[in-house]
Amino acid sequence: ASAGVRTKSVGSPRFNPGSYHNGSVWPMDTGRIAEGLRRHGFVAEAEDLEERILHACGSVGALVEFFRGDVDADIRINRQTVDVKVLGTWRRVEQEPQKTQGWTVTRLWRIMRRRGLL
């Protein structure tokens, strides 16, 4: 995804790009993956993921907790809550992210500190 690594593969039966954990992209998770890649010598790949995080936050103008994991190149966040009734029970399938999330702020701080920008 343009913003980073999705929580589910697009081939997963439960994939939903706007769901909370079934296809969305979390800067915190993507940053942890980038750290692991860097630690194992995949520096260019780690830099790419960190650039995606920075670009995504800049493009929506907020340090949100998660982005949509849509298959196109657009970076988006959910703008509404979507509930559906399944077998008589209401289930939340999408919700808006928190606009400023502490772990996203920390992730950006770590990226900027490592790059000598702080």
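User: Which residue forms a salt bridge with Arg114, and how is such a pair read?

Analyst: Side chains of opposite charge can pair when their charged atoms come close. The criterion here is a side-chain nitrogen of Lys or Arg within 4 Å of a carboxyl oxygen of Asp or Glu. Arg114 pairs in this way with Glu50, and the closest N and O atoms are 2.3 Å apart. The pair links distant parts of the chain, with Arg114 in helix α3 and Glu50 in helix α2, 64 residues apart. Helices (H or I, at least four residues) and strands (E, at least two) are DSSP runs, numbered from the N terminus. This is a predicted model: local features need pLDDT of at least 70, side-chain atom pairs count only at pLDDT 80 or more, and totals for chains, interfaces and linings use all residues. Residues are numbered from 1 along each chain as its sequence is written, and side-chain values use heavy atoms, with hydrogens and water left out.

User: Is Glu50 buried or exposed?

Analyst: Buried means under 20% relative accessible area, exposed over 50%, and partly exposed in between (1.4 Å probe, protein chains only). Glu50 is buried because its relative accessibility is 3%. Arg114, at 38%, counts as partly exposed.

User: Which residues are linked with Arg114 and Glu50 in a network of salt bridges?

Analyst: The network also includes Arg38, Glu47, Glu51 and Arg115. Within it, Arg115 and Glu47 meet through their side chains at 3.0 Å, N to O. Arg115 lies in the segment after α3 (102-114) and Glu47 in helix α2, 68 residues apart. Arg115 has a relative accessible area of 27%, so it is partly exposed. Glu47 is also partly exposed, at 25%.

User: How many salt bridges does this rule count?

Analyst: The count comes to 18. One of the pairs is Arg76 with Asp70, at 3.1 Å, N to O. Asp70 is buried at 11% relative accessibility, whereas Arg76 is partly exposed at 29%.

User: What does the side chain of Asn78 reach?

Analyst: A polar contact is a pair of N or O atoms within 3.5 Å; within protein, one must be able to donate a hydrogen and the other to accept it, and residues adjacent in sequence count only if both atoms are side-chain atoms. The Asn78 side chain reaches the backbone oxygen of Gly18 at 2.6 Å. It also makes a polar contact with the side chain of Arg68, at 2.7 Å. Asn78 sits in the loop between α2 (43-60) and β1 (82-86), and its 2% relative accessibility makes it buried.
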